[in-house]
Every structure is written in structure tokens, then in C-alpha cells.
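This report describes one protein model.

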Amino acid sequence: MEMAGTELRLGLPGTEPSSSTSTSKISNKRPSSHMNNNDEPPPKTQVVGWPPVRSYRKNILEASYVKVSMDGAAYLRKINLNIYKSYPQLLEALENMFKCSIGVYSETEGYNGCNYVPTYEDKDGDWMLAGDVPWDMFINSCKRLRIMKGSEAKGLASL
């Protein structure tokens, strides 16, 4: 009984096995000329710059995006705080974004009398008035912004 059709062999499909491959024993071991005497694996070469980082991803790493919500608005926005250099620039952008009037911050009265007040959540989870701390401290500690109705922000005033 011959099983030539079901015989397992090495080789390309459609070629006949040569007598040397079918009778010789195939070894998975390296030839002795490639053996290392000290059994240490060969040193690995480090690939520099892998995986490649594209320039637009480098710019994202330098960005400081925060979510912005506004009381009464049905949508959120995301802004990059690093493109603004001061509170007035940020407040102007927020007014244009949400089509509202925020007003001017006063160190003694906060945003007293304004219809809308910009607040932010810091890294500790505390809600504060935007303008209470120096600008650099603000952009490093701000996790998200919320434009509140002025009547709801009374407890946040820095008096």
C-alpha cells in the first residue's frame, strides 16, 4: 500500500522530491562553525528613531488642549491654551466661540456683574475663576474650562 499522495515533504508544490532530501535527516541546529563558545547571544543593534514620530504629532505633544463648556450650550469645544499669551486673548476667543459677553476681570471683585464668568478646574479638582492666578500657572494647572452664568459663580469670587 503506497501513500505518496498523503506523504509530508519539504519542497515547492509540483516538484518531485530528490532522493537526498527525502532520505537525509533535516536538522534545526546551527552548524558548528556558527556556534559561540561562550553561549552568549549576539549583541542586538538598536534602531535609532523608531518608531518614527511625524512632525504633526510632535506639535500635539507641545499642545495643551482642554475642554470648554458653557452653561446652556448643547456642545463642548476643545481649545489649545498654548496659542494664547494672556487672559484677555483667551476671553476674546471664548466670547467669539460661544457668541457671548464675558466682561473684564478685576482682582478685587472678580467678574462681578457679568452675565457669564469663565471658571476652570485645576489639577486638584478645585473650581476657580479664570484670572485668579498668573497666566503661566493657569495654563499649567487648567484641566478644563466652564463658562458659568454669573449668578452661579458667586461662591468662586476671590475677595
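Valine 68 has leucine 145 in S5 as its bridge partner. The model is predicted: local features need pLDDT of at least 70, side-chain atom pairs count only at pLDDT 80 or more, and totals for chains, interfaces and linings use all residues. Residues are numbered from 1 along each chain as its sequence is written, and side-chain values use heavy atoms, with hydrogens and water left out. S1 and S5 are parallel and share four bridges; two strands count as paired if DSSP finds at least two bridges between them.

On S2, S1 has an antiparallel partner, again joined by four bridges. Here lysine 67 is opposite lysine 78. The two strands make a hairpin with six residues between them, and glycine 72 in the turn has a positive phi of about 90 degrees. In a regular strand the side chains alternate between the two faces of the sheet. In S1, Val66, Val68 and Met70 make up the covered face, while Tyr65, Lys67 and Ser69 make up the uncovered one.

## The chain as a whole

The protein chain holds four helices and five strands, in the order α-α-β-β-α-β-β-α-β along the sequence. Helices (H or I, at least four residues) and strands (E, at least two) are DSSP runs, numbered from the N terminus. The chain has 159 residues, of which 26% are buried; buried means under 20% relative accessible area, exposed over 50%, and partly exposed in between (1.4 Å probe, protein chains only).

## Confidence

Mean pLDDT (the predictor's confidence in each residue, from 0 to 100) is 78 for the protein chain, and 65% of the residues reach 70 or more. Confidence is highest in S1, at 95, and lowest in helix H1 (residues 19-23), at a mean of 50.

## The nonpolar core

The largest nonpolar core contains 30 residues, and Ile79, Leu81, Leu90, Leu94, Phe138 and Leu145 have the most contacts inside it. Two or more residues each come from strand S1 (65-70), helix H3 (87-98), strand S3 (116-121), helix H4 (135-141) and strand S5 (144-149). H3 gives the most, with seven residues. Such a core is a set of buried Ala, Val, Leu, Ile, Met, Phe, Trp, Tyr and Cys residues joined through side-chain atoms within 4.5 Å.

Beyond its neighbours within four places in sequence, leucine 90 is in contact (heavy atoms within 4.5 Å) with Ile79, Leu81, Tyr84, Trp135, Phe138 and Leu145.

## Two residues compared

Glutamate 121 belongs to strand S3. With a relative accessible area of 10%, glutamate 121 is buried. Its side chain makes a polar contact with that of arginine 144, at 2.5 Å. A polar contact is a pair of N or O atoms within 3.5 Å; within protein, one must be able to donate a hydrogen and the other to accept it, and residues adjacent in sequence count only if both atoms are side-chain atoms.

Leucine 76 sits in the loop between S1 and strand S2 (77-80). Leucine 76 counts as exposed, at 53% relative accessibility. Leaving out residues up to four places away in sequence, leucine 76 touches Lys67, Val68 and Ser69.
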